[in-house]
Amino acid sequence: MYSAQLLDHFQNPRNAGELPGADASAEIENPVCGDVVRLSLKLHEGRISEARFKAKGCVPAIACGSALTELLVGKDLAQAHLLRREDVINAVGGVPQASTHAAQLAIDVASAALGQFRR
């Protein structure tokens with residue numbers, strides 16, 4: 001049902017927790033299923049130097065939050081704004097069709113956090 005990569009991100013989430021001194025943070029809830037993802041970012045010299053997430057929800061929501069942080073770190077703001085749902089899905093090795101909302105939630109929270117920075 002779930003890929004090995006997705007299960008690894010769920011069982012061993014990367015960059016989970018709070019980010020003291022974050023330059024931007026956002027929290028988005030999916031009103032349909034109740035999944036919640038919070039993303040916090042630090043910026044250094046125009047690049048995302050640190051990203052942390054907290055999630056409450058289904059296995060794919062937690063895995064996608066974890067993968068999102070790995071996708072964001074090291075990117076400049078323009079590159080980060082180019083991330084799409086498919087990038088998150090690929091990073092976790094695919095998700096069942098019924099769980100694509102988890103990747104969209106990750107992208108939505110990234111967009112909300114990135115929107116706090118001026119381009």
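## Strand pairs, helix packing and the nonpolar core

Student: Which residue of strand 3 is the bridge partner of Ser40?

Tutor: The bridge partner of Ser40 in strand 3 is Arg52, where strands are DSSP runs of E with at least two residues and helices are DSSP runs of H or I with at least four, numbered from the N terminus. This is a predicted model, in which local features need pLDDT of at least 70 and side-chain atom pairs count only at pLDDT 80 or more, while totals for chains, interfaces and linings use all residues. Residues are numbered from 1 along each chain as its sequence is written, and side-chain values use heavy atoms, with hydrogens and water left out.

Student: How do you know that strand 2 and strand 3 pair?

Tutor: Two strands pair if DSSP finds at least two bridges between them, and strand 2 and strand 3, which run antiparallel, are joined by 9 bridges; therefore they count as a pair.

Student: Why are strand 1 and strand 3 called edge strands?

Tutor: The open sheet has 3 strands in the order 1-2-3, paired antiparallel, and strand 1 and strand 3 are its edges in that each pairs on one side only. Neighbouring strands are turned by 15° against each other on average, direction ignored.

Student: What packs on this sheet?

Tutor: Helix 2 packs on the sheet and touches strand 2 and strand 3 (contact meaning heavy atoms within 4.5 Å), and its direction makes about 175° with that of strand 3. Helix 5 also packs on the sheet, touching strand 1, strand 2 and strand 3, and makes about 145° with the direction of strand 1.

Student: Why is helix 1 called roughly perpendicular to helix 2?

Tutor: The axes of helix 1 (residues 4–11) and helix 2 (residues 59–72) come within 8 Å and cross at roughly 85°, the axes being lines fitted to C-alpha atoms, for helices over the stretch in contact, with angles from 0 to 180 degrees between N-to-C directions. Angles under 35 degrees count as roughly parallel, over 145 as roughly antiparallel, 65 to 115 as roughly perpendicular and the rest as oblique, which means that helix 1 is roughly perpendicular to helix 2. Helix 1 contributes Leu6, His9 and Phe10 to the contact, and among the residues from helix 2 are Val59, Ile62 and Glu70.

Student: Which residues touch the most other members of the largest nonpolar core?

Tutor: A nonpolar core is a set of buried Ala, Val, Leu, Ile, Met, Phe, Trp, Tyr and Cys residues joined through side-chain atoms within 4.5 Å. The largest one has 32 residues, of which Leu39, Leu41, Leu68, Leu72 and Val88 touch the most other members, and its largest share, 9 residues, comes from helix 5. Not counting residues up to four places away in sequence, Leu39 touches, among others, Ala26, Arg52, Leu68, Leu72 and Val109.

Methods
Buried means under 20% relative accessible area, exposed over 50%, partly exposed in between (1.4 Å probe, protein chains only).
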